[in-house]
Amino acid sequence: MMNPSKYNQNNINADIDEIIAKKKTYIRKQCKADSLVHKQFIFLDLFKVANYYFYCIMFGSGAIHQELKLDKLLYLHGVNVFFDHVFCDFAEAQYAPTFLTKNAGGIHSFIKICGETGELERVKDYCKYNLIEYIGQSENCLQFRFTNKYIGLENFEILEGIARAERILERQKFEIDDIDQKKSDVIKQMKKYVYPWQQHFIGYDTNEIIDTYYFDIAKLYVERTFYFDCFNGNAEFGGIPYKIYSQCATLIISFALKHIEYSRLLTRKHSEIKFINVLTINRDIAEMVDIFSSVCEISVNEAKQVFDCFTLTNEKYHYHRKNIDYLIMPYVAVSKTQVVFSVVGALSGIYAFLLGELSRKFPRDWSKNISERESQFRKDIFKLFDDDLYIKIDRNLPIQSNSKTLTDIDGCIIEKETNQIVFFQLKWQEQYGDNIGRRQSRMQNFLNETYKWIDDMTDWLKKSDEMKLASMLGLKEKQIDVDKVTLFVVGKHSVHFSGNDKQDDRAEWALWLQLQRLYSEDSTAFRSLKTLFEKLKEDSPYNKLPKHKTQFMRMEELSIEIYPYRYMEK
């Protein structure tokens with residue numbers, strides 16, 4: 001291996017840039033279109049294949065994964081890159097074509113090339129934000145190593161989300177069993193209603209029994225989705241309550257589940273019809289608006305507004321490309337009158353896109369509503385602590401010094417038996433997902449704000465006495481012991497970040513989902529603050545980090561290897 005000191009990171013970037021440029025030249029050549037209709041064909045071909053392979057990732061067997069060599073992250077990057085090159089203002093066309101996709105294997109390979117381009121750009125981002133460093137190269141292989149001692153802490157947030165979904169699934173068991181009893185009758189009816197359309201495509205009718213069955217399944221599916229309860233149902237966006245948007249999200253999910261089953265039934269009955277040609281379909285915008293209006297009992301204009309919040313159009317493209325990780329959404333405008341429906345976007349990307357669109361479209365409403373959700377977050381946390389054991393101060397408490405507001409406390413609980421006091425700092429950041437730049441920005445903001453709060457509170461407590469605290473909390477002086485105050489930072493979505501240092505030990509730290517899991521495992525731990533904080537220390541992600549393994553990226557032009565922290569150091 002070569003001496004890394006002889007190589008300049010700028011040279012490595014130049015090498016990677018050269019490969020990216022060659023790949024993008026190839027991509028542009030493959031996506032070149034001589035008319036808008038031609039571009040519609042190219043885009044829909046790519047979209048249908050991507051939707052099919054994502055479906056295989058979500059629902060396919062191990063054998064299918066092995067056969068297709070499925071790589072979710074590579075494909076997600078691939079979708080972003082092909083959108084960049086093909087997506088345009090399709091509204092200039094009145095209709096979108098319906099056609100057979102015949103070269104799925106070739107298109108699959110092309111999307112993987114797009115994905116390699118995205119992954120190379122990601123490697124550059126890792127270097128830019130000093131998450132990895134170049135350490136050398138061997139023949140046709142660039143080698144890096146991670147720069148952070150504690151790498152992968154963010155994965156525990158994902159694992160907590162999975163654990164939450166599993167807990168809810170367990171609670172839903174009886175409802176699911178009740179719904180499943182209707183399945184055979186529903187499937188029997190669906191078999192009668194599905195039929196080939198124009199020989200190679202799908203058509204089907206439905207009835208109230210079928211629609212209700214899938215809507216009931218979708219309601220349970222939504223409950224397991226972490227995003228869905230981000231706002232109170234009565235919070236308004238553009239004059240429409242959030243519960244209406246959420247109801248429509250449930251409706252769209254029910255469409256996806258129903259369409260998947262109809263597609264399976266048709267292709268089992270007619271082997272000449274290919275699943276890839278029926279899984280992804282175009283829908284008339286006017287028809288969808290009418291359905292939204294009828295089901296949700298809202299006006300046509302309101303239904304148009306709601307439907308638009310689930311649809312990617314050309315005018316929104318650059319905003320969402322910048323602000324969401326991957327372009328996975330329920331509907332994409334492919335003509336003036338039609339959208340293409342993605343079952344995968346409905347089942348996995350629906351709330352991420354909806355929230356992004358509500359933020360973009362209604363910034364004032366967004367700002368107002370996010371300022372109000374801290375109160376609900378505090379109430380949810382306080383529910384974990386027994387009223388008989390704790391005094392709860394469910395309000396914001398300003399902290400003043402020299403007649404000036406120094407900082408504030410987001411809530412407080414006092415353990416009656418021990419007079420132990422907990423001051424909360426609640427952080428509800430929007431999720432940054434897989435975007436490295438957004439991660440760095442939000443991480444820095446989070447750490448700067450919380451560390452300043454800890455500094456300010458620590459200094460303030462040193463200057464405070466029992467009388468001052470009692471007055472602020474509305475308690476008797478004998479209930480207060482300044483030496484028994486704990487600072488507690490709770491993050492709704494994020495609280496631990498990869499880095500070289502652990503979190504400031506002057507405070508306790510927890511993720512909201514982590515607290516929920518600990519409560520479900522042993523609620524008695526919350527009956528004593530001492531026991532709870534001991535439990536949090538035991539459960540710390542820093543104690544669970546697996547041994548880091550080398551990551552490999554193989555492509556035709558070169559390979560990239562990323563080694564663990566301090567690899568090769570003497």
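Modeller: This is a predicted model. Its protein exposes about 27,700 Å², and carbon and sulfur atoms supply 48% of that area.

Biologist: How many of the residues count as buried?

Modeller: Of the 570 residues, 52% count as buried.

Biologist: What secondary structure does the protein contain, and how compact is it for its length?

Modeller: The protein comprises 21 helices and 19 strands. Its radius of gyration is 27 Å, close to the 25 Å given by the globule rule for 570 residues, so the protein is as compact as a globular protein of that length. The C-alpha trace spans about 85 × 70 × 40 Å along the principal axes.

Biologist: What share of the contacts joins residues 24 or more positions apart?

Modeller: Among contacts with a separation of 6 or more, residues 24 or more positions apart account for 71%.

Biologist: How many positive and negative side chains are there, and how far apart do the centres of the two sets lie?

Modeller: There are 78 positive and 80 negative side chains, and the centres of the two sets lie 2 Å apart.

Biologist: Let us turn to the cysteines. How many disulfides are counted?

Modeller: A disulfide is a covalent bond between the sulfur atoms of two cysteines. The count in this model comes to zero disulfides. Cys31 is in none, and the nearest cysteine sulfur, that of Cys114, is 6.2 Å away. The cut-off for a pair of cysteine sulfur atoms is within 2.5 Å.

Biologist: Are Cys31 and Cys141 buried or exposed?

Modeller: Cys31 is buried, with a relative accessible area of 5%. Cys141 also counts as buried, at 6% relative accessibility.

Biologist: Where does Val334 lie, and is Val334 buried or exposed?

Modeller: Val334 lies in the loop between strand S9 (331-333) and strand S10 (338-341). At 1% relative accessibility, Val334 counts as buried. With residues up to four places away in sequence not counted, Val334 touches Gln40, Phe43, Leu44, Phe90, Ala96, Asn282, Val339 and Val340. Val334 and Tyr53 are 281 residues apart in sequence and 20 Å apart in space, C-alpha to C-alpha.

Biologist: Which element holds Tyr319, and which residues does Tyr319 touch?

Modeller: Tyr319 lies in helix H14, residues 317-323. Its relative accessible area is 28%, so Tyr319 is partly exposed. Beyond residues up to four places away in sequence, Tyr319 touches Gly356, Ser359 and Arg360. The C-alpha atoms of Tyr319 and Phe552 are separated by 32 Å, and these residues are 233 residues apart along the chain.

Biologist: How should I read Lys182, and where is its place?

Modeller: The place of Lys182 is in the loop between helix H7 (173-180) and helix H8 (183-193). Lys182 counts as partly exposed, at 40% relative accessibility. From Lys182 to Ile393 there are 211 residues in sequence and 48 Å in space, C-alpha to C-alpha.

Biologist: Finally, I turn to the backbone. What is the phi of Asn130, and what is that of Glu297?

Modeller: Phi of Asn130 is near 60°, a positive value in a residue other than glycine. Asn130 is found in the loop between helix H5 (104-128) and strand S1 (132-138). Phi of Glu297 is near 55°, again a positive value in a residue other than glycine. Glu297 lies in the loop between helix H12 (285-296) and helix H13 (300-308). Glu297 is exposed, with a relative accessible area of 72%.

Terms used. Residues numbered from 1 in each chain as written. Heavy atoms only, no water. Helix = DSSP H or I, 4+ residues; strand = E, 2+ residues; numbered from the N terminus. Rg over C-alpha atoms; globule rule 2.2 N^0.38 Å. Buried < 20%, exposed > 50% of the residue type's maximum accessible area, 1.4 Å probe, protein only. Contact = heavy atoms within 4.5 Å. Areas by Shrake-Rupley, 256 points an atom, 1.4 Å probe, with all protein chains shown as cover. Lys, Arg positive; Asp, Glu negative; His and termini not counted. Charge placed at Lys NZ, Arg CZ, Asp CG, Glu CD.
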